[in-house]
Amino acid sequence: MTTVALLMAAGRGSRFGGERPKQYAALAGKAVLRRAACCYLTHPAIDRVATVIHPDDAGLYAAATDGLDLLPSIEGGDTRQESVRRGLEALADLNPDTILIHDAARPFVPAKVIDRVLNAIGPRTGAIAALPVHDSLRRADGGRIIDDVDRFGVWRAQTPQGFPFQDIREAHIAVAHEGHTDDASVARAAGMTVTVVEGAEELFKITTADDLLRAEALLRQRADRSRVGMGFDVHRFGSGDSVQLCGVAIPHGRGLAGHSDADVALHALTDAILGAVCAGDIGHHFPPTDPRWQGADSAIFLTEAARQVTDLDGHIGHVDLTIICERPKIGPHREAMRARIAEILQINVATVSVKATTTERLGLTGRGEGIAAQAVATVWLPAG
Ligand code: CTP
Ligand code: MG
């Protein structure tokens with residue numbers, strides 16, 4: 001008895017807006033799609049997970065699923081229905097007994113809902129997660145209510161939607177010429193029975209930018225332990241004509257000396273995050289004696305620190321950096337620095353602070369011997 005989860009991620013997210021499709025949006029340190037995939041990968045009843053993606057998104061997909069054990073990605077089509085059909089056809093050789101079809105834009109999938117859907121699947125019978133409608137329903141035309149709609153027996157369809165694999169594959173092929181918004185509709189059009197099982201509010205789909213804020217709020221609500229970590233670093237000036245600060249190259253009369261790219265700001269920030277989860281320091285994870293880190297992009301170090309947080313199912317709430325130097329001037333680069341840090345940590349740029357100060361020409365930074373940086377990071381961890 002094999003069960004495969006098929007994640008639908010080939011949409012363009014036009015209502016969400018922005019440059020990258022919503023399933024690749026950063027949600028507190030992990031892409032939306034990655035969160036959905038992990039819910040299935042960690043569920044004991046799911047054997048394999050496959051994803052249907054848009055051909056333009058190969059790079060985004062690789063980054064979002066780095067290190068996850070997924071089947072090869074499948075190319076989607078112009079509509080969700082077409083994407084699902086292609087996904088099912090690509091799995092024909094694997095021929096699982098059961099398939100759970102899931103919108104990758106729904107990042108939170110409770111294990112209990114997966115169980116409920118799986119338990120309700122039978123011969124030529126599918127099951128979908130859904131919630132009953134509690135609000136009164138009205139039909140309006142041009143803003144004027146023209147009818148009351150009976151809500152008795154009305155459900156909001158969610159995903160996962162689960163079916164015997166061959167039945168739903170044949171159904172999708174049979175009704176490919178008709179338009180259906182979900183797989184329950186496809187299954188019924190092909191004569192199958194579909195039942196509803198209780199879904200969950202947290203299974204909501206990210207459709208607009210506000211939904212991402214709702215998802216962040218939900219994670220905040222779940223995390224009930226906050227930790228603060230601090231970091232500090234100094235690099236001396238050496239030869240070169242630019243310094244790397246917060247992942248941004250800034251033209252300067254000198255460079256910074258160091259084993260890696262000497263990004264003193266990212267090093268302080270890496271230590272702050274590691275400190276918040278009591279995971280040692282940057283030298284412990286990336287020894288300066290290791291030739292692999294010669295000239296390395298310090299984004300690698302910061303990415304690893306962020307991974308230590310997500311491994312604990314936590315997320316970074318806020319980071320604050322102070323860069324201490326007389327020169328170069330930080331102000332003109334501040335926004336680029338914040339954006340780069342937010343990108344590396346996969347967090348909202350509104351939670352990234354970069355500041356600068358001088359030491360009034362006193363001390364090592366005042367004498368222009370090098371640059372120092374201090375950082376503080378707040379991390380949220382789930383209970384337990
Ligand atoms: N989907 C897909 N292939 C398509 C269209 C949608 O795989 N051609 C996927 C989406 O990636 C999403 C799920 O189906 O995970 C539900 O679709 P929807 O919420 O409508 O997402 P988008 O189509 O991306 O968004 P929009 O309609 O706002 O453009
Ligand atoms: Mg759509």
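Predicted model: local features only at pLDDT ≥ 70, side-chain atom pairs only at ≥ 80, totals over all residues.
Residues are numbered from 1 along each chain as its sequence is written, and side-chain values use heavy atoms, with hydrogens and water left out.

Side chains of opposite charge can pair when their charged atoms come close. Here a salt bridge is taken to be a side-chain nitrogen of Lys or Arg within 4 Å of a carboxyl oxygen of Asp or Glu, and by this rule the count comes to 19 salt bridges. One of them joins the side chains of D183 and R80, with an N to O distance of 3.1 Å. This pair links distant parts of the chain, since D183 belongs to helix 6 (residues 183–189) and R80 to helix 3 (residues 80–90), 103 residues apart; helices (H or I, at least four residues) and strands (E, at least two) are DSSP runs, numbered from the N terminus. D183 is buried, at a relative accessible area of 1%, whereas R80 is partly exposed at 24%, where buried means under 20% relative accessible area, exposed over 50%, and partly exposed in between (1.4 Å probe, protein chains only).

A further salt bridge is formed by the side chains of D103 and R106, again with 3.1 Å from N to O. D103 is buried, with a relative accessible area of 11%, and R106 also counts as buried, at 8%.

K355 and D320 make another salt bridge, their closest N and O atoms lying 2.8 Å apart. Because K355 lies in strand 17 (residues 352–357) and D320 in strand 16 (residues 315–324), the pair ties together parts that are 35 residues apart in sequence. K355 counts as partly exposed at 32% relative accessibility, and D320 is partly exposed as well, at 21%. Elsewhere, salt bridges that share partners join R80, D103, R106 and D183 into one network.

V376 is placed in strand 18 (residues 370–382), and at 37% relative accessibility V376 counts as partly exposed.

Conventions:
Chains lettered and ligands numbered in written order.
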